[in-house]
Structures are given as structure tokens and as C-alpha cells.
Amino acid sequence: MLPFKLIYSDDYYLPIGAHVFPAEKYRRIRDQLLATGVAEVSDFMTPQPATDQDVLLVHTPEYVRKLKTGTLSAREQLELEVPYSPELVRAFWLAAGGSILAVQHALKDGVAINIGGGFHHAFPDHGEGFCMIHDVAVAIRRMQRDNKITRAMTVDCDVHHGNGTAAIFAGMRIPTAALPSTAAPTVGLAAPAKVRNAHAGDVFTISLHQQNNYPAWKPLSSIDVDLPDGIGDDDYLAWLDNALSSGLRQFEPELICYIAGADPYREDQLGGLALTIEGLKLRDALVFRVARARGIPVMVTYAGGYARHVEDTVTIHCNTVIAARGVFAGTSDTTIESKQSAK
Ligand SMILES: [Zn+2]
């Protein structure tokens, strides 16, 4: 039995037909976790959909009304890049409910994983890039409304920039020079990434992403690490380490929302970075170790993953659970331990 909860529903399935987004991945992740003995049935919890009131903490009444009544314009439907249906609306409301439940359990157990969610391209007044509503933002605003937390940090490691997250949580921005720490990365980096930095409000947003990729317009996060094409494991992990250290020097969150996209993988169809499956597992372990060392609860969502072979995407997502078990249960994961000590 895992020392934390996995949030899942069969109804996470997105009814979008044949699509580059593998909507069946959620069920396959669950099946693989059970088949490999990583998780037991009792580790899973089934969420309820978010209420409209929850969704309205982030999204505009006009946009919510359009979604509920099926009255998006043709352009708004195109921007979403997934075919609108009332069933799809229900699936996104359920994913948001899953992220709320995951945060509630993360605050109790130190970590919880939503086997779904991470829809970081949704804005208050529109959806885009396969993302209808922003489940992570809804969960954060709900916890703030319930007085469970005041300050949260998002750590977005999907290969695509977290544009919706940045827009939703844009606070008072005071552009600053690059952080001193960014001038001296922890390892020699072949191709320097560009780091942008801005002052945050009550939610500090970090995004590590490929610069030459969707979305074209990248609103400022608190820390943006604009990675050049083709970055591999070692450089990526160094930049992540750097961004986490910088962020946690500037801001003391009571919750970390980790968006664990599988698409920095080198065989991803929509990504241009070059991480290995093992490197992605080390990435997850790094986030978990940093959070655990500082006693900050972590809620995880899965976001994108478009590997040529869906089983790779499923494995990468399952490894996130294994990495969390390694860090939070103290289960010795020799691969992670040996790689890290060698670094
Ligand atoms: Zn993505």
C-alpha cells in the first residue's frame, strides 16, 4: 500500500475521437500501476466533479456559461483543439474535482497524485491547446477560499509553456534582472537557456519549457526557463534544480502543484527536448526530494504526453508514482540513488 493517494476515475477519459492526445492513457496508467504491483486498488480514490462555484473562482461567468450551454464560437472551438461536447465538459469538471481532492490529500499526507489534470493552457475566459478549464488553478483557489492555504507554487515541467497558469496568477509584476544563481548553473551547460523572472502574487509560477514550441505568446511566469531545442537529461535537471532553488529562495509556499508532463521525452511527437525515460524519473524525484526536505506538500497532475508509442507515455507517468514512493515511503530506488550520487 502506498503512503499517499492516487486520484482517478474511468470518466477521466476525454471523448475526443482519434487525436494526438491519447485519451486512454489515464486508464492504462491505472492498469499498469495495478499490474506491476506499484499500487493496490485501495490506493485509488474517485473524485467528484468540481462545482460550478469552484470553476468560477478562476474562470469568467461568460466562459462557463458558454461551456455549459454549448455556445462557444467557431473560433473558440478551434482554439480548444479538441471537439466540444457536453461529455467533454463533464470530463474537465471531473479532472478539476480530481485536482481539488488531490490537494486535500496532499495537505494531509505530504503528497497526492491526480492521474489526470494539468490543463495548464486554459485561461480565465477561454480554453486552448486541449485545455478547457484550468484544474490546478481551480484547486489552488478553492484551497485559498477554504482557508487551507495562502501561498502556492506551481512547478510546470510539461514541455509546453504554462501560459494559462502565468496569466491566471499574474500578480504585481516587477521585472528583475536574471537571478545571480542563473549566471552560475550547477553544471556546465552546452546551450544556455534564457531565464525570465518576475515578482509573484500569492501564487508563484515556475515553468520549464521548450522556447521554440507552442504557445507562441508566453505570458511571464514568476520564473520562466526558456530551454533551447534538444536539451538532454543533465542540462534539464540542472536547470530544474536551479529554478527550484531560486523560487524557494524568493517565496515560501504552503503547497507545490507539480505539473509532470511526459512530453519533454525525446520521442515525443509534440516536443523538441531530448529527455530519456530515466531522466524524467529523476526529474520527478528531484521535485519530490526538494519538497519533502522543506516539508512542503506536493500535488501532482499529469498534463501532456504524446510519445510515438503510447506505452512510453504510460511508463513515464507510472514512474512518477514510483519516484514519489521512493522519496515519501523511503523505498530504496537504486536507479535514482546511484544516478544522483554520481551527479
Ligand atoms: Zn505539453
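A few ground rules. The model is predicted, with local features needing pLDDT of at least 70 and side-chain atom pairs counting only at pLDDT 80 or more, while totals for chains, interfaces and linings use all residues. Residues are numbered from 1 along each chain as its sequence is written, and side-chain values use heavy atoms, with hydrogens and water left out.

I start with the metal. The zinc ion is coordinated by D158 (OD), D158 (OD), H160 (ND1) and D263 (OD), at 1.9 to 2.8 Å. Donors here are N, O and S atoms within 2.8 Å of the metal (3.2 Å for Na, K and Ca); water is not among the atoms, so sites may look incomplete. The angles among the 4 donor atoms run from 52 to 151°, and the site is irregular.

Along the sequence, the donor residues are spaced D-x1-H-x102-D. H160 sits in the loop between β4 (152–156) and α7 (163–168), and D263 in the loop between β8 (255–259) and α10 (277–294), 103 residues apart. Helices (H or I, at least four residues) and strands (E, at least two) are DSSP runs, numbered from the N terminus. H160 is buried at 6% relative accessibility, and D263 is buried at 0%. Buried means under 20% relative accessible area, exposed over 50%, partly exposed in between (1.4 Å probe, protein chains only).

Next, helix α1, residues 25–35. Which residues of α1 are buried? They are K25, Y26, I29 and L33. The buried residues pack against β1 (5–7), β2 (44–45) and α11 (310–328), where contact means heavy atoms within 4.5 Å.

Last, salt bridges: a side-chain nitrogen of Lys or Arg within 4 Å of a carboxyl oxygen of Asp or Glu. The whole structure has 12. One of them joins R27 to D10, with the closest N and O atoms 3.6 Å apart. R27 lies in α1 and D10 in the loop between β1 and α1, so the pair ties together parts 17 residues apart in sequence. K66 and E76 meet at 2.8 Å, N to O, and both are buried.

How values were computed: Tetrahedral: all angles 85-135°; square planar, octahedral: opposite > 155°, others 65-115°.
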